[in-house]
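Please examine the following structure with attention to its chain contact and its ligand site.

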Amino acid sequence: MDFLESIRFDMIWNYKELFIRGLWVTLGLTAVGYIGGVILGLFLGIGKLSKIKWIYYPCKYYVDFFRGTPLLVQILLIHLAVIPSIFGHSLGYFVSGATALMLNCAAYNAEIIRAGIQSIEKGQMEAARSLGMPKREAMKQIILPQAFRRMIPPLGNELIALLKDSSLVTVIAANDLLYASQVVAGAYQRFYEPYVTVAILYLLLTWVCTRVIAYVEKRYSNSYIPRRRRTFSFSRSSVGG
Amino acid sequence: MIKINSLYKSFGNLEVLKGIDCEINEKEVVCVIGPSGSGKSTFLRCINLLEEVTDGSIYIDGVKINDTKTNINEIRKEVGMVFQQFNLFPHMNVLNNITIAPKRIRKMHEVEAVDLAYQLLEKVGLQDKAEAYPEQLSGGQMQRVAIARALAMRPKIMLFDEPTSALDPEMVKEVLDVMKQLAVEGMTMVVVTHEMGFAREMGDRVLFMDEGVIMEEGTPSEVFGQPKNSRTQDFLSKVL
Ligand SMILES: Nc1ncnc2c1ncn2[C@@H]1O[C@H](COP(=O)(O)OP(=O)(O)O)[C@@H](O)[C@H]1O
Ligand SMILES: [Mg+2]
């Protein structure tokens, strides 16, 4: 077949360094954006549960802004306007890209974390408080460990979404995975090979993420009993209430 | 030990407690009975400030607890609470459920806390369950762990909010037995309960609550034997 014979993956091979570098940049942007996004999201999520107005409203408006505007716009705004106006010059695509991804991811995570915390029965906080635990301590020791389990599936979805969305940083000339395929496409004026390759690479990355998330989900699902001890056969005789 | 003066509590427009005066002495066991929705839980929850008091005052050992200057956490260390739904921490085993507060709040040493936990587990008859998780326990066992957990803070007062209401009938006794033992040992207790047998046997005093006020109070033999208030008579005729 003409079509198959005309496929030239050798040109991808010629640019393999660019793809490998792109892979690392994509992974780096995703990792930094996600970890930062979870930590910042945690504070925002708790902030959105606050009864104190000057804590609640900034958190709410933050989330509304970052969920209500396109990530692409946020990336450009941060790279071309916010960072240069604070530092006087650009800090490079990675800092801008990771910052934008982190701030955006945090807004989505905040909602997940808020909902996760709210899903824990009120009695848990009351029991902790009645033992004399300050709110912060009760949150850390009692509520969050339980809530995090319920957040694993939606937080996992966010990770995959962020991994794919990180391709948007190409617009600020980041050397990410998508950028590598654009270079090849530009050099050879061929589009199938570079974009199919990049699609496969993204698919591979999201597949690995999916497997990891599924593993974590399984490990922490249903039971709080550590795995090594679940082999005991305890009778779950009628649990009241 | 506890002194409550004209306590009022509203949820929005709904007035739930309408002027409660009550005194609870050291080592006294006070049982609170009354129809559902009469404000018994709210009353109990006010005593350890799980509910914000609308008006009136509550003193524990002479300290006004519903005062902005009082440290709520300091008060709660001295007041143990046992809930209808147990509220054990499901992500911790029994031992950690009991030791977390002494370790974190009383800054007790690990060894000492574990030691205390085993003593308390022995008291509630669950030494062999130290490593178990709440989901592996029956309702009665969970409630006994919850009692041990509250006792681990060495409270001066224990509040029980219908501790046996969520239990299957065959498990009620094991929990009541633990409470009886506590009463015998001289713990100050306020017990909201539908177990009239327990109130009659262990109560030094019985309060009958209805529509947010204490309608009648007295010794068990007074309240159960010759109830004066028609509402009390009516209630008792339904439950006894
Ligand atoms: N957090 C709350 N918000 C609004 N109403 C409440 C709340 N807690 C209790 N109530 C109301 O207060 C009344 C008394 O409740 P409660 O103290 O639980 O009664 P009891 O324990 O005697 O059954 C009920 O009408 C109940 O609906
Ligand atoms: Mg109640």
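The dialogue below treats the interface and then the ligand shell.

Student: On what basis are the values stated?
Tutor: This is a predicted model, in which local features need pLDDT of at least 70, side-chain atom pairs count only at pLDDT 80 or more, and totals for chains, interfaces and linings use all residues. Residues are numbered from 1 along each chain as its sequence is written, chains are lettered from A and ligands numbered from 1 in the order in which they are written, and side-chain values use heavy atoms, with hydrogens and water left out.

Student: What area do chain A and chain B bury between them?
Tutor: Buried area is the accessible area (1.4 Å probe) that two parts lose on being put together, summed over both. Of this area, 56% lies on carbon and sulfur atoms, and the total for chain A and chain B is about 2,800 Å².

Student: What is the separation of the closest N and O atoms in the salt bridge of Arg104(B) with Glu137(A)?
Tutor: A salt bridge requires a side-chain nitrogen of Lys or Arg within 4 Å of a carboxyl oxygen of Asp or Glu. The rule finds two salt bridges across the interface of chain A and chain B. In the pair formed by Arg104(B) and Glu137(A), the separation is 3.5 Å.

Student: Which residue has an N or O atom in its side chain 2.5 Å from an oxygen atom of ligand 1?
Tutor: Backbone N or O atoms also approach oxygen atoms of ligand 1, at 3.3 Å for Ser38(B) and at 3.1 Å for Gly39(B). The side chain at 2.5 Å belongs to Thr42(B).

Student: Which element gives the most residues to the shell around ligand 1?
Tutor: Helices (H or I, at least four residues) and strands (E, at least two) are DSSP runs, numbered from the N terminus. Strand E2 (14-24) and helix H1 (40-47) of chain B each supply at least two residues of the shell. With three residues, the element that gives the most is H1(B).

Definitions and conventions. Polar contact = N/O pair within 3.5 Å; in protein donor to acceptor, adjacent residues only side chain to side chain.
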